[in-house]
Amino acid sequence: MDNNKLTSAFPSFFSGVINSYTQVFFSNNRVFATILLVVSFFDFWAGTSGLFAVVLSNSLAYLIGLNRANIKKGYYGFNSLLVGLGLGVYYQPGVPFFIIVAFASMLTLFLTLWFEGVIGKYGLPYMSLAFLFGTWLVSLATRQFTTLEVSEHGIYMTNEMFELGGHSMVRSYNWLLNLALPEPVRLYFTSLGAIFFQYHLLAGILIAIGLIINSRIAFVLSIVGFFSAYFYYQIVGADIHE
């Protein structure tokens, strides 16, 4: 199916897909969406899994006749995106894995609808509750699936960087890793990247740039939110590195 046929079958389909990325940050900015899409593919299979989950979830939303304005805004896709990213980071890719992702994205869509009906009718935001419930339900269910293997991505990062771009990629990765940044600033960028399950300093830096492009107020509030938690952790003696 080419782009014209897909658009005629599912109007504003691509807007719904791309907005699913920015809805995680309560935004519909296309530039920010492009940055988030790129960041999600820092781990290729996680990015692929997330995109697959969004496309399937939005397609199902169209087919069962859900509100098209909400689909276009990404309301029915962003929770499935997070589930796809989370599963993509945790499990090795393969046919059984993508079958699980397909059912997980559909489950998450229905959980989103349920939370929208139960919580939304009181004017309260359901936000990422469907992602949390969907991820935990799938994680509990897949413990008995012997064909699924836990991913080893991220364990040997230097080797992975070398496979991607040789010595130049390794040097760039080590340069970023050894940037002379204050520890709280480094943790801030790492935390931003972790929202998309990408535990790279560069991922957090790119997301921060996207936040500034999208809204300087949102960027400032992200700093306020992070450092509120950071200083609270310092006061109670908790381990902020987790």
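Trainee: How are helix 4 and helix 7 oriented to each other?

Mentor: Helix 4 and helix 7 are oblique to each other. Keep in mind that this is a predicted model. Angles from 65 to 115 degrees would count as roughly perpendicular, and those under 35 as roughly parallel. Here helix 4 (residues 44-63) packs against helix 7 (residues 95-118) at about 45°, and their axes are 9 Å apart. The crossing of helix 4 past helix 7 is right-handed.

Trainee: Okay, and which residues in helix 4 meet helix 7?

Mentor: On the helix 4 side, look for Trp45, Phe52 and Leu56, among others. Their partners in helix 7 include Phe97, Val101 and Leu109. Sort the residues of this contact and you get 13 nonpolar, 4 polar and no charged.

Trainee: Which aromatic residues form one cluster?

Mentor: Find Phe41, Phe44, Trp45, Phe52, Phe97 and Phe98; together they make one aromatic cluster.

Trainee: And how do I read a ring pair, say Phe131 and Phe197?

Mentor: Check the angle between the planes: over 60 degrees counts as edge-to-face, under 30 as stacked. For Phe131 and Phe197 the planes sit at 75° with ring centres 6.1 Å apart, so the pair is edge-to-face. Phe131 belongs to helix 8 (residues 129-141) and Phe197 to the loop between helix 10 and helix 11, so this pair ties together parts 66 residues apart in sequence.

Trainee: Is Phe131 buried or exposed, and what about Phe197?

Mentor: Buried means under 20% relative accessible area. Phe131 has 14%, so that residue is buried. Phe197, at 17%, counts as buried too.

How values were computed. Residues numbered from 1 in each chain as written. Predicted model: local features only at pLDDT ≥ 70, side-chain atom pairs only at ≥ 80, totals over all residues. Heavy atoms only, no water. Axes fitted to C-alpha atoms, helices over the stretch in contact; angles between N-to-C directions. Helix = DSSP H or I, 4+ residues; strand = E, 2+ residues; numbered from the N terminus. Parallel < 35°, antiparallel > 145°, perpendicular 65-115°, else oblique. Left-handed = near helix turned anticlockwise from the far one by under 90°. Contact = heavy atoms within 4.5 Å. Nonpolar A, V, L, I, M, F, W, Y, C, P; charged D, E, K, R; others polar. Phe/Tyr/Trp six-rings, centres within 6.5 Å; stacked < 30°, edge-to-face > 60°. Buried < 20%, exposed > 50% of the residue type's maximum accessible area, 1.4 Å probe, protein only.
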